[in-house]
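Subject: Structure for you to look at, with notes

Dear colleague,

Please find below the structure that I promised to pass on to you.

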Amino acid sequence: MSSPPIRTVGVIGAGRIGRPIIGHLVRKGFVVVANDVDGSKQEAVEKQGAGWAELAELARDAGAILICVGYDRDLRALMVEGLINKVSAGAIVVVLSTVQPRTVQELEEIARYKGVAVVDATMCRGGRAADAGTMLSFVAGDPAVIERLKPVVSAYSTDIVYTGAVGTAQVAKAANNLLMWACLIANHEALALAQRFGVDVELLRTALQKTGADNGVLRNWGTSTMAWADDDLDIIQSMAEDAGIALPQAELNRELCRALKPKKFQLDQYGDEPWRRK
């Protein structure tokens, strides 16, 4: 007997990404109930047509619960608070947050004995895509569960890529982030060098988009907040340790991102500090 379609979706986390997702779900006809540790977000959520509820009520009523909290520690805090014990059997807990793969795997193991499915569904393309409903979502978990969940994820994603077992969507997102931050640094260095030699930076940036040097950060130059750079690269380094693999560029990029963040996109200031030289 097939499971009924998901009608009610809970969203935990109504921040920069969670709030647009709530709006897309409402527009697609889902009954949406949200919660956030910041109660001041309730009014904005309700204006979008969603409800607001305490965690226990949300967990009880929702057929799918999207977790869109900021950090690994926030997801673990939800686990400690016993979220899974509050979720109704047959529901799907969906981890949208970028966290350690093992964190999602631990959550899945706990939930399995409660009759609750856990999948991860990490997102790429950032805030503009969240607003437009054009995210790319990596999804991982039991294929039958993912198939049932697809109408929910499709409400805010134009591309859905299945990556395999629970936790692998986190790995795919980590690979995306590793490349993205590397590109951000390389773009700064290339354009700063060109500027010092008197080349029109905007002319060059437009031209580079027609070469093998093209990348998403270059196309959307000037828009990244770098809010998640340090956390993303910390997760990547921890994953590398778990896998027993050295990622020297990722380690260096974390240091470079820390230095870059206060003056990002200010090419006239890039490279003023002396750097290590052999």
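The notes that follow go through the sheet, then some salt bridges, and then a few single residues.

Please bear in mind that this is a predicted model, in which local features need pLDDT of at least 70 and side-chain atom pairs count only at pLDDT 80 or more, while totals for chains, interfaces and linings use all residues. Residues are numbered from 1 along each chain as its sequence is written, and side-chain values use heavy atoms, with hydrogens and water left out.

**The sheet**

Eight strands form an open sheet with mixed pairing, and their order is β3-β2-β1-β4-β5-β6-β7-β8. The edge strands, each of which pairs on one side only, are β3 (51–52) and β8 (157–164). Helices (H or I, at least four residues) and strands (E, at least two) are DSSP runs, numbered from the N terminus, and two strands are said to pair if DSSP finds at least two bridges between them. As background, strands of a sheet pair through backbone hydrogen bonds, either parallel or antiparallel.

Strand β2 (residues 31–35) runs parallel to β3 and is joined to it by two bridges, and here Val 33 stands opposite Gly 51 in β3. Helix α8 (residues 143–154) packs on the sheet, where it touches β1, β4, β5, β6 (117–124), β7 (135–140) and β8, and its direction makes about 160° with that of β8. Contact here means heavy atoms within 4.5 Å; axes are lines fitted to C-alpha atoms, for helices over the stretch in contact, and angles run from 0 to 180 degrees between N-to-C directions.

Strand β4 (residues 64–67) deserves a separate look. With strand β1 (residues 8–12), β4 pairs in the parallel sense over four bridges, and Gly 10 has Ile 65 as its bridge partner in β4. Four bridges also join β4 to strand β5 (residues 92–95), again running parallel, and in β5 the bridge partner of Ile 67 is Val 95. Which way do the side chains of β4 point? Ala 64 and Leu 66 point one way, whereas Ile 65 and Ile 67 point the other way, and all of them are buried. Buried means under 20% relative accessible area, exposed over 50%, and partly exposed in between (1.4 Å probe, protein chains only).

**Salt bridges**

A search of the whole structure finds 15 salt bridges, each defined as a side-chain nitrogen of Lys or Arg within 4 Å of a carboxyl oxygen of Asp or Glu. In one of them the side chains of Asp 72 and Arg 76 meet at 3.1 Å, N to O. Because these two residues are four apart in helix α4 (residues 72–80), Asp 72 and Arg 76 are separated by about one helical turn. Asp 72 is buried at a relative accessible area of 14%, while Arg 76, at 29%, counts as partly exposed.

Another salt bridge is formed by Arg 125 and Asp 159, whose closest N and O atoms are 2.9 Å apart. This pair links distant parts of the chain, since Arg 125 is in the loop between β6 and α7 (126–132) and Asp 159 is in strand β8, 34 residues apart. Arg 125 is partly exposed, with a relative accessible area of 42%, and Asp 159 counts as partly exposed at 31%.

The side chains of Asp 234 and Arg 254 also meet in a salt bridge (3.4 Å, N to O). Here, too, distant parts of the chain are linked, with Asp 234 in helix α12 (residues 229–243) and Arg 254 in helix α13 (residues 248–260), 20 residues apart. A network of salt bridges links Asp 230, Asp 234, Arg 254 and Arg 258.

Asn 187 has its place in helix α9 and counts as buried at 6% relative accessibility. Leaving out residues up to four places away in sequence, Asn 187 touches Asn 215, Val 217, Leu 218 and Trp 221. The C-alpha atoms of Asn 187 and Leu 218 are separated by 6.5 Å, although the two are 31 residues apart along the chain.

Gln 100 lies in the loop between β5 and α6 (101–112) and is buried, with a relative accessible area of 8%.
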